Amino acid sequence: LRDNRIELVRASWHELSISVSDVSLSDEGQYTCSLFTMPVKTSKAFLTVLGVPEKPQITGFTSPVMEGERMQLTCKTSGSKPAADIRWFKNDKEVKDVKYLKEEDAVRKTFTVSSTLDFLADRSDDGAVVSCRVDHESLNSTPQIAMQVLEIHYTPLVKIISSNSWPEEGQSIILTCESKGKPV
């Protein structure tokens, strides 16, 4: 092999070791070691190179969203080999009902993986943290995560609160008008 990334580590009568630095996907394949005796003896091994997924990105969010509107958030990561796994969470609770799409890059033999979270905006989602988690064997059990904080606007609910539920004639009461909406 004529490549300056490949370095001879040890050469003895019993062992021949090489080191490959800055490994790329093109380094994948069968490697053969030959012992030039009569007859020639060879040993072969297939090297599999994992493609590390790029940090995921969440798209499709425009701020703010009105309550009742449909939200479609898409999380995408490229460069994984084999295809990475994408999972969605809302406030650390996994959301299961999502679409998953896997596309292979024929030249690099890597995958672009995307997943879409589709739901109707609700006032209870205001301030919620939606995260997209990418798991892959190349990440050594440390997933890559992208996050998006939701901002939901909603029409106010109005109620009147009385300081006394059963006032008697001649007493004074305080009536408070309370409104909860976003924006205030």
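What follows are my notes on the disulfide, the cysteines and the rings.

Ground rules first. I am working with a predicted model, where local features need pLDDT of at least 70, side-chain atom pairs count only at pLDDT 80 or more, and totals for chains, interfaces and linings use all residues. Residues are numbered from 1 along each chain as its sequence is written, and side-chain values use heavy atoms, with hydrogens and water left out.

Disulfide. I looked for pairs of cysteine sulfur atoms within 2.5 Å, and the count came to 1 disulfide. C75 is joined to C132, with S to S at 1.7 Å. This pair links distant parts of the chain, 57 residues apart: C75 is in strand β7 (residues 70-80) and C132 in strand β12 (residues 129-135). Strands here are DSSP runs of E, at least two residues, numbered from the N terminus. The torsion about the S-S bond of C75 and C132 is about -65 degrees, so I noted the disulfide as left-handed.

Accessibility. I used relative accessible area with a 1.4 Å probe, protein chains only: buried is under 20%, exposed over 50%, partly exposed in between. C75 is buried because its relative accessibility is 0%, and C132 is buried at 0% too. C33 counts as partly exposed at 38%, while C177 is exposed at 58%.

Rings. I found 0 aromatic pairs, taking ring centres of Phe, Tyr and Trp (its six-membered ring) within 6.5 Å as the cut-off. Which residue lies over the face of F119? I found K90 there, at 4.3 Å from the ring centre; the rule asks for NZ of Lys or CZ of Arg within 6 Å of the ring centre and within 35 degrees of the ring normal.

Note on methods:
Phe/Tyr/Trp six-rings, centres within 6.5 Å; stacked < 30°, edge-to-face > 60°. Helix = DSSP H or I, 4+ residues; strand = E, 2+ residues; numbered from the N terminus.
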